[in-house]
Amino acid sequence: MAEERLIDEDKDRKYKIRKNADGEDELVIDAEADVEEEFEEVEFEVTESDFDDEEAAVMTPEQLAAREKAREEAEAKRVEELNSHISRAQSLVDEGKFEDATFVLDAAAELDRGNGKVYALKLIALTEGFTKFSNSYDATEAAEGVLAFATAEEKAELAAKTGDIWGVIENYRQKATELERENEAGKSARRAKFTAKRKKSAALFGATAGPLAVFAALAGYFGANMHSQLSNVYMTLFFVFIGLAAACFIATVITSRGLWASVNLLKRNEKNSSTKIGREYEAASAELKLLNKINEIFS
């Protein structure tokens with residue numbers, strides 16, 4: 001039992017057999033097994049790469065170098081093409097060929113969406129040297145691009161070409177204010193007329209829809225009970241009221257169309273795009289918004 005307890009206590013130890021003094025084999029504890037083995041920690045230096053992809057993991061250093069060279073060449077070609085577009089657009093702007101310059105700058109923007117010089121030139125081209133502001137949507141987008149990406153030097157260069165931007169803004173503000181006043185006055189006058197027309201149409205609709213509901217209900221009642229009477233009175237009344245309901249139905253269709261038209265007139269009256277003065281006001285407002293955005297560049 002003592003031997004069993006000894007073996008049980010030492011079960012996690014390692015043993016070895018050696019010869020004792022009498023030349024017999026003897027089982028002893030291997031003391032060297034308790035010595036913790038030391039391992040040298042090996043450090044690997046991993047080169048950081050801008051392109052963490054599966055393809056790079058199976059490529060040789062030569063292949064990686066070739067790919068990097070190809071990327072550098074493609075980038076150099078892109079920059080060269082971008083600069084060529086910018087130079088060409090500048091020449092076209094100087095010649096006053098603003099529409100052609102816009103097409104060239106669109107191609108340049110495809111190569112670099114964050115180039116402030118491209119947006120600045122495009123703003124000049126779209127406003128024809130800050131003399132026309134009718135192309136407000138595209139020009140406002142270009143002005144936002146200048147705000148986001150142009151350098152201080154590019155903005156200063158652009159500011160020198162705007163001229164008296166404050167004076168232009170004030171003129172457009174007065175124009176927009178006057179157009180707004182005329183537009184609202186026209187809306188108000190038409191609104192009163194169209195509202196009266198809608199009320200009249202609603203009254204006519206009610207004058208036909210109400211009897212239609214009554215005659216239809218009476219026709220339904222007499223039609224459902226005409227066989228319960230020995231006389232033909234209910235049958236006669238059924239045909240009378242069904243005829244009246246049909247006539248009222250036709251009249252209701254006509255009056256409902258008139259009501260629908262009057263309601264639409266009121267809705268259209270509130271839209272600026274429905275009238276010439278309203279469209280002029282919207283255009284002036286868009287141009288004023290563009291001018292304020294251009295002024296924001298230099299504020």
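Colleague: How many residues does helix 9 have, and how far does it reach from its first C-alpha to its last?

Modeller: In this predicted model, helix 9 has 37 residues and reaches 53 Å from its first C-alpha to its last. That is close to the 54 Å expected at 1.5 Å a residue.

Colleague: Which residues of helix 9 are buried?

Modeller: The buried residues are Tyr234, Phe238, Phe241, Ala245, Cys248, Thr252, Thr255, Ser262, Leu266 and Asn269.

Colleague: What covers the buried residues of helix 9?

Modeller: The cover includes helix 8.

Colleague: Is isoleucine 250 buried or exposed?

Modeller: Isoleucine 250 lies in helix 9, which runs over residues 233-269. It counts as exposed because its relative accessibility is 53%, and the cut-off for exposed is over 50%.

Colleague: Which residues make the nonpolar surface patch of about 400 Å²?

Modeller: That patch is made by Phe249, Ile250, Val253 and Ile254.

Colleague: Let us turn to charges. How many salt bridges does a search of the whole structure find?

Modeller: The search finds 12 salt bridges. As background, side chains of opposite charge can pair when their charged atoms come close.

Colleague: Which residue forms a salt bridge with arginine 113?

Modeller: The partner of arginine 113 is glutamate 110, and their closest N and O atoms are 2.6 Å apart. Glutamate 110 counts as exposed, at 56% relative accessibility.

Colleague: What about glutamate 170: which residue does it form a salt bridge with?

Modeller: Glutamate 170 forms a salt bridge with arginine 173, with the closest N and O atoms 3.1 Å apart. Both residues lie in helix 8 (residues 165-225). They are 3 residues apart, about one turn of the helix.

Colleague: And what is the relative accessible area of glutamate 170?

Modeller: The value for glutamate 170 is 35%, so this residue is partly exposed. Arginine 173 also counts as partly exposed, at 31% relative accessibility.

Colleague: Where do glutamate 296 and lysine 293 lie?

Modeller: They lie in helix 10 (residues 276-298). Because they are 3 residues apart there, about one helical turn separates them.

Colleague: Is lysine 293 buried or exposed?

Modeller: Lysine 293 is buried, because its relative accessible area is 18% and the cut-off for buried is under 20%. Glutamate 296, with a relative accessible area of 40%, is partly exposed.

Colleague: A change of topic: where is threonine 102?

Modeller: Threonine 102 is in helix 4, which covers residues 98-111. At 14% relative accessibility, threonine 102 counts as buried.

Colleague: Which residues is threonine 102 in contact with, leaving aside its neighbours within four places in sequence?

Modeller: Those contacts of threonine 102 are with Lys122, Ala125 and Leu126.

Colleague: Finally, what is the mean pLDDT of the protein?

Modeller: The mean pLDDT is 84, and 82% of the residues reach 70 or more.

Note on methods:
Residues numbered from 1 in each chain as written. Predicted model: local features only at pLDDT ≥ 70, side-chain atom pairs only at ≥ 80, totals over all residues. Heavy atoms only, no water. Patch = residues over 30% accessible without salt bridge, like charges linked within 9 Å, V, L, I, M, F, W, Y side chains within 5 Å. Areas by Shrake-Rupley, 256 points an atom, 1.4 Å probe, with all protein chains shown as cover. Salt bridge = Lys/Arg side-chain N within 4 Å of Asp/Glu carboxyl O. Helix = DSSP H or I, 4+ residues; strand = E, 2+ residues; numbered from the N terminus. Buried < 20%, exposed > 50% of the residue type's maximum accessible area, 1.4 Å probe, protein only. Expected span 1.5 Å × (residues − 1). Contact = heavy atoms within 4.5 Å. pLDDT = per-residue confidence, 0-100.
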